[in-house]
There are 2 protein chains.
Amino acid sequence: MNQDFIKFLSNFEMLTQEEIEIIAKDTHVKEFKKGVILLTEGAICRECYSVIKGCVREYILKDGEEKTTAFFTEGDAIASFTSATNNLPSKHYLVCVEDSLLTVSNQDLERKMCEKIPRLESIIRLEVEKHAGKEHDHITAFISSSTEERYLDLQEKRPDLFNRIPQHQIASYLGIKPESLSRIKKRLITKK
Amino acid sequence: MNQDFIKFLSNFEMLTQEEIEIIAKDTHVKEFKKGVILLTEGAICRECYSVIKGCVREYILKDGEEKTTAFFTEGDAIASFTSATNNLPSKHYLVCVEDSLLTVSNQDLERKMCEKIPRLESIIRLEVEKHAGKEHDHITAFISSSTEERYLDLQEKRPDLFNRIPQHQIASYLGIKPESLSRIKKRLITKK
């Protein structure tokens, strides 16, 4: 049983010790090297992950250019719902940008776990609801913010990304060109 | 029993006729006049809705200015998960922009329905997953698109909005100023 994963699960306060042990026993934990691609455009997503250690980047290819659409780090669940739940080809790629330790699950494994722990279905549902809420907050912030505000917000909420991710990918994630990111940073330094 | 709602529920192919009748019997369907505010900033969201007929707009107030963050029309579920699931004050407002016929539910009603139809828990979870997937697709599109592309995408996916919603609210929803929306429209006419 992976001790890192047990520690990770203990963040979910609604789970009892016994339930944590059942989940940890039935969940695969796997190491992935930096550069490993977990999902490609066009494939149907059959697995979902959560990050114990490391970082996974999500991107789409648009006119041959990578557009970064998400970063998943410690504690984040990586679920490509549009592909997995609807059985549709994925529009995006998932790549490990660091050596990563991930839990790997799928619908079968999840169903079996829910049979063992019936209230898990409703716990997972609550987690998915919270996740949907976060996605909506992200859209709200994106719609209502200037690019400078988006940059400051990311610095406040996910400061670790700035040390882990190349600048051009941060810029792409903010929906701007690397030159615009440099300009914003210079402007903010001048303001100080 | 509301016939509009029964017709609406029959879109969910996984439900049996008997289940549809139980849900319809236990769900409140209510008419709201144009202008009615369903949720205000700072209040904890206790109800969730779905639109049978009409249109609800979601917005935040930023420096005294309304920023439109969502439109909900026929078939859409309106759930403020960040507030409802986490018991936190809402950051946004919900207002009916047309006379609207909505289903009104809450966690208690939902729990009772899940007791009567145990597999409803997993059906709702799948719906929430699909919803989360759509939210993520929306962010992906927003991050990776130019404002012109965003406008064309909205025209393709939700053409009805352009007849139902004032232009300045459409502009706000696209994250741009009304003047920019006018410029995009002029440019596109010239291109034709």
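The model is a predicted one, in which local features need pLDDT of at least 70 and side-chain atom pairs count only at pLDDT 80 or more, while totals for chains, interfaces and linings use all residues. Residues are numbered from 1 along each chain as its sequence is written, with chains lettered from A and ligands numbered from 1 in the order in which they are written. Helices (H or I, at least four residues) and strands (E, at least two) are DSSP runs, numbered from the N terminus.

The two helices pack at an angle of about 20°, and the axes of helix 5 of chain A and helix 5 (residues 120-144) of chain B lie 9 Å apart. Axes here are lines fitted to C-alpha atoms, for helices over the stretch in contact, and angles run from 0 to 180 degrees between N-to-C directions. Helix 5 of chain A and helix 5 of chain B are therefore roughly parallel to each other; angles under 35 degrees count as roughly parallel, over 145 as roughly antiparallel, 65 to 115 as roughly perpendicular and the rest as oblique. The residues of this helix 5 contact comprise 10 nonpolar, 8 polar and 8 charged. In this classification, Ala, Val, Leu, Ile, Met, Phe, Trp, Tyr, Cys and Pro are nonpolar, Asp, Glu, Lys and Arg are charged, and the others, Gly among them, are polar.

## Symmetry

Two copies of a chain are related by a rotation about an axis and a shift along it. Here, chain A is superposed on chain B by a rotation of 180° with 0.0 Å of shift along its axis, at an RMSD of 0.0 Å. The superposition is by least squares on the C-alpha atoms of residues with pLDDT of at least 70 in both copies. The two copies are thus related as by a two-fold rotation axis. In chain A, the C-alpha nearest this axis belongs to A:Ala132, at 2.2 Å from it.

## The sheet of chain A

In chain A, 4 strands form an open sheet in the order 1-8-3-6, with antiparallel pairing; two strands pair if DSSP finds at least two bridges between them. The edges are strand 1 (28-32) and strand 6 (77-78) of chain A, each of which pairs on one side only.

Strand 1 of chain A is joined to strand 8 (residues 100-105) of chain A by 5 bridges in the antiparallel sense, and A:Val29 has A:Thr103 of strand 8 as its bridge partner. Strand 3 (residues 48-53) of chain A also runs antiparallel to strand 8 of chain A, with 5 bridges; A:Val51 stands opposite A:Leu102 in strand 8. Strand 3 of chain A is linked to strand 6 of chain A by 2 bridges, again antiparallel, and A:Tyr49 stands opposite A:Ile78 in strand 6.

## The sheet of chain B

Chain B has an open sheet of 4 strands in the order 1-8-3-6, with antiparallel pairing. Strand 1 and strand 6 (77-78) of chain B are the edge strands, each pairing on one side only.

Strand 1 (residues 28-32) of chain B pairs with strand 8 (residues 100-105) of chain B in the antiparallel sense over 5 bridges, and B:Lys30 has B:Leu102 as its bridge partner in strand 8. Strand 3 (residues 48-53) of chain B is antiparallel to strand 8 of chain B and joined to it by 5 bridges; the partner of B:Tyr49 in strand 8 is B:Val104.
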